[in-house]
Amino acid sequence: MKYRRLASTDLVLSEVGFGVWSVSTNWWGKVSEDDGTALLRRALDLGITFFDTADTYGDGYGEEVLAKALGASRDEVVIGTKFGYDLEATRQPGQHQERPQRWEPDFVSRACEASLRRLRTDRIDLYQLHNARLSAIERDDTFATLDELCAQGKVRHYGVAIGPDIGWREEGLYTLLQRRAPAQVIYSVLEQDPANDFIRAAEEAQVGLLTRVPHASGMLDGTYTKDTVVDRSPFEKGDHRAFRKLKWMTDSIHKLEQIDFLFQDKRATVGQVAIKFCLAPQIVASVLPTMTNMAQLEEYAKVPDVPELSTDELEKLAQLYAANFGLADREPLKSSVGPG
């Protein structure tokens, strides 16, 4: 494993981090507590030291399982967690809609104390506003509270997780250029905007970035290839959302055909190369792939050993992306919502 400092902080992160959403939610299938704990412990064995969770993951379970797995190794790891959602607000069982968000000082302080208890620790290394709208990032009282928590030693650094999906350009640029705070953003070979703007802003301000969803919601983890034939039958029911999903899949497979050169003559998997792309900008301190089993964990933990993408490869990718991978007459479609 290799490590990078998160610019504007003293935090040193593993280039491959662990998104605890994968073992604390059911978005990618149920992972038992025993299996999740084993994954987290094995990740540390492999040199992964940055673990990113949130109070809303499993209604606190994402913090609790991290404490159970790695509590004895607290000084060896960097913990990021998030706040902003009102966990006491009710929502329909089984639904994935957003809860109400709250940013007033008293709520932020109470959320921090609750996370510290669940994490069984005395400090949070990176405390992030979770999917905050611009109006929240502009609140001086929220950031004054974060400064106070830092002064008390309960938080080492704070930032903003931009999302939950692709976009949120104003929020990301304000975070980086006005708040001068690290941002966590979606970024992949297939989904580079507005992350390219965030990278330029972060380099200008010398503020660190974290990236997630490097595999474009499954299109770049090896599940699909340029030769994949999409079964259209489940989508041919006249449902608008199903049609958009079909179009996104067929367009994405076309794009895979255009970037096949990335995976030829490399002793690396598609999933590894996809993460390596996200690490090409040095301002990106860590990439957070979704890992739900040991095979994925072992594969992705080896990414630092994968050869760097060449300047020619990166330039060709930039040209392809600018032309929407040969689909220039179509507006790019977003993938399904990533972890946020």
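Visitor: Near which value does the phi of Q206, the residue that follows helix 8, lie?

Guide: The model is predicted: local features need pLDDT of at least 70, side-chain atom pairs count only at pLDDT 80 or more, and totals for chains, interfaces and linings use all residues. Residues are numbered from 1 along each chain as its sequence is written, and side-chain values use heavy atoms, with hydrogens and water left out. Helices (H or I, at least four residues) and strands (E, at least two) are DSSP runs numbered from the N terminus. After helix 8 comes Q206, whose phi is positive, near 55°.

Visitor: How many of the 11 residues of helix 8 are buried?

Guide: Buried means under 20% relative accessible area, exposed over 50%, and partly exposed in between, with a 1.4 Å probe and protein chains only. The buried residues include N196, D197 and F198, and they pack against helix 7, strand 8 and strand 9, where contact means heavy atoms within 4.5 Å. Helix 8 (residues 195-205) is largely enclosed by the rest of the structure, because its buried residues number 8 of 11.

Visitor: Which strands stand at the edges of the sheet?

Guide: Two strands pair if DSSP finds at least two bridges between them. The open sheet has 8 strands in the order 3-4-5-6-7-8-9-10, with parallel pairing. One side is left without a neighbour in the sheet where a strand has a single partner, so the edges belong to strand 3 (18-19) and strand 10 (284-288).

Visitor: At roughly what angle do the axes of helix 2 and helix 3 cross?

Guide: Axes are lines fitted to C-alpha atoms, for helices over the stretch in contact, and angles run from 0 to 180 degrees between N-to-C directions. The axes of helix 2 (residues 33-45) and helix 3 (residues 61-70) come within 9 Å of each other. Residues making the contact include L40 and L44 of helix 2 and V65 and L66 of helix 3. The axes cross at roughly 60°.

Visitor: Which residues touch the most other members of the largest nonpolar core?

Guide: A nonpolar core is a set of buried Ala, Val, Leu, Ile, Met, Phe, Trp, Tyr and Cys residues joined through side-chain atoms within 4.5 Å. In the largest core, of 90 residues, the residues that touch the most other members are F18, F51, L209 and I259.
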